[in-house]
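This report covers the nonpolar core of one protein model, a pair of packed helices, and the residues around them. Please have the sequence and the structure open while reading.

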Amino acid sequence: FESPLSQNITRSPGNMEPANKRNKVGADDAKCINAVRALAADVVQGAKSGHPGAPMGCAPIAHVLWGHEMNYNPKNPNFANRDRFVLSNGHCCALQYSMLHLTGYNLSVDD
């Protein structure tokens, strides 16, 4: 018996395929990630405060979480089984605002 841990393969409960066999980032994913990066950079520039490095660097993580993993509903943001996105890095708050806006929460670009 060879343990999966000894194979250095990441597995998630929803997909027991080895990580290196899963779908790679496609063109649509890349467009979404770049849209998040651009919006986050605009947020920082519009606020005339902060630095866009963290939100731009974390955009792929946010895309995977918000686009494929998290359970949420912008039309009913208080339902009991929702996932919470906790972001403790203040330098990255532009990412959270961008994701809330892009996923349909009542948060305008001006906010």
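Leaving aside neighbours within four places in sequence, which residues is Tyr105 in contact with? In this predicted model, the residues in contact with Tyr105 are Trp66, Tyr72, Asn73, Pro74, Pro77 and Leu100.

**The core**

Tyr105 is also one of the eleven residues of the largest nonpolar core. Two or more core residues come from each of helix H1 (27-47), helix H3 (59-69) and helix H4 (93-102). H3 gives the largest share, three residues. In soluble globular proteins, nonpolar side chains tend to be buried together.

**H3 against H4**

The axes of H3 and H4 are 11 Å apart and meet at an angle of about 40°. The crossing of H3 and H4 is right-handed. On the H3 side the contact is made by Ala59, Ala62 and Trp66, and on the H4 side by Leu95, Met99 and Leu100. Sorted by type, the residues of this contact are six nonpolar, no polar and no charged.

**Thr103**

Thr103 sits in the segment after H4. Beyond four places in sequence, Thr103 touches Trp66, Tyr72 and Pro74. A polar atom of the Thr103 side chain lies 2.7 Å from the backbone oxygen of Met99, and one lies 3.4 Å from the backbone oxygen of Leu100.

**Asn73**

Where does Asn73 lie? Asn73 is in the loop between H3 and H4. Is Asn73 buried or partly exposed? Its relative accessible area is 29%, so Asn73 counts as partly exposed: buried means under 20%, and exposed means over 50%. Not counting residues up to four places away in sequence, Asn73 touches Phe79 and Tyr105. The C-alpha atoms of Asn73 and Asp83 are 9.6 Å apart, the two residues being ten apart along the chain.

| Side chain | Backbone atom | Distance |
|---|---|---|
| Thr103 | oxygen of Met99 | 2.7 Å |
| Thr103 | oxygen of Leu100 | 3.4 Å |
| Asn73 | nitrogen of Lys75 | 2.9 Å |

Terms used: Residues numbered from 1 in each chain as written. Predicted model: local features only at pLDDT ≥ 70, side-chain atom pairs only at ≥ 80, totals over all residues. Heavy atoms only, no water. Core = buried A, V, L, I, M, F, W, Y, C linked by side-chain atoms within 4.5 Å. Buried < 20%, exposed > 50% of the residue type's maximum accessible area, 1.4 Å probe, protein only. Helix = DSSP H or I, 4+ residues; strand = E, 2+ residues; numbered from the N terminus. Contact = heavy atoms within 4.5 Å. Polar contact = N/O pair within 3.5 Å; in protein donor to acceptor, adjacent residues only side chain to side chain. Axes fitted to C-alpha atoms, helices over the stretch in contact; angles between N-to-C directions. Left-handed = near helix turned anticlockwise from the far one by under 90°. Nonpolar A, V, L, I, M, F, W, Y, C, P; charged D, E, K, R; others polar.
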